Amino acid sequence: MSYKDMKRGLPQRDSKVIACINQKGGVGKSTTVVNLSACLGDQKKKVLVVDFDPQGNSTSGYGIEKEDLEQDIYDVILHDGLIEDIIMETCQKGVYIAPATIQLATAEIELVSTENRESVLKKAIASVKDEFDYVLIDCPPSLGLLTINALVAADSLLIPIQCEYYALEGVAKLLESMQMVKKRMNPSLDIFGVVMTMYDSRTTLSKQVVDEVQSYFGKKMFKTIIPRNVKLSEAPSHGLPVTKYARVSKGSLAYAKLAREVVARG
């Protein structure tokens, strides 16, 4: 049964569209999207993951074979496809995904000549977002047109920041882009929260970085801190969120705690 058939008659929800974003690579965006969505699913929330990164890490993180896909989010934003036609179930009950493949990499160039090029993603998800409690957008590690589309489509931003030297480098530029989009195209856009990732309690540096980010973002920073954890690193190679791969690991428990904080923030 296709998602289009499944969704008929479903009640509308007070949906929150959250873009997981940081133009630095390797900070845990896809890890956060996959594992947070799974933990929200465990809390009986209905979640749509929109993989908007050409690397497709959220897609493979849920065990979807990208080479087997007949169409993906690229076809929706550039070939007028319907997002209902590409949405797939995942291994986590309540969590669905609009997958991405490497062909999304060409979208940055192709969108340049597209009418209303900054809002094609917003238009694409408009028909389904009210079917979900949360729509989580996994953004590419850049501030190009794909990311601008995510900023226009989102209600708010979730910013993962790695506990390493220069952690805040580039975040100012991201916030500038957010303010530009907020001023011109999406007045309600705001920061939903900042989550520290890859924390190593054995190092002074990790603690210093947390203090620095705390002083910069204040209450926007989540209390939950995601530790550096082997099981978190291994889970994607098995095509599973860490809750399915190693449920009692430190990484799994941390994302479950983060999900509770996310729900509590409303």
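Q: Which conventions apply to the model?
A: Residues are numbered from 1 along each chain as its sequence is written. Because the model is predicted, local features need pLDDT of at least 70 and side-chain atom pairs pLDDT 80 or more, whereas totals for chains, interfaces and linings use all residues; side-chain values use heavy atoms, without hydrogens and water.

Q: What is the volume of the largest pocket, and which residues lie nearest its centre?
A: A pocket is an open set of points on a 1 Å grid over the protein atoms alone where a 1.4 Å probe fits, with protein on both sides within 12 Å along at least five of seven lines; lining residues have an atom within 4 Å of a point. Here the volume, the space filled by probe spheres set on the points, is about 490 Å³. Of the 28 lining residues, Gly 28, Lys 29, Ser 30, Thr 31 and Met 198 lie nearest the centre.

Q: How is an aromatic pair described?
A: The description uses the distance of the centres and the angle of the planes. Rings of Phe, Tyr and Trp (its six-membered ring) pair if their centres lie within 6.5 Å; planes under 30 degrees apart are stacked, over 60 edge-to-face and the rest tilted. The count is four aromatic pairs. Tyr 165 and Tyr 166 have ring centres 4.4 Å apart and planes at 45°, so this pair is tilted. Tyr 216 and Phe 217 are edge-to-face, at 4.8 Å centre to centre and 65° between the planes.

Q: Is Phe 217 buried or exposed?
A: Buried means under 20% relative accessible area, exposed over 50%, and partly exposed in between (1.4 Å probe, protein chains only). Phe 217, at 9%, is therefore buried, while Tyr 216, at 46%, is partly exposed.
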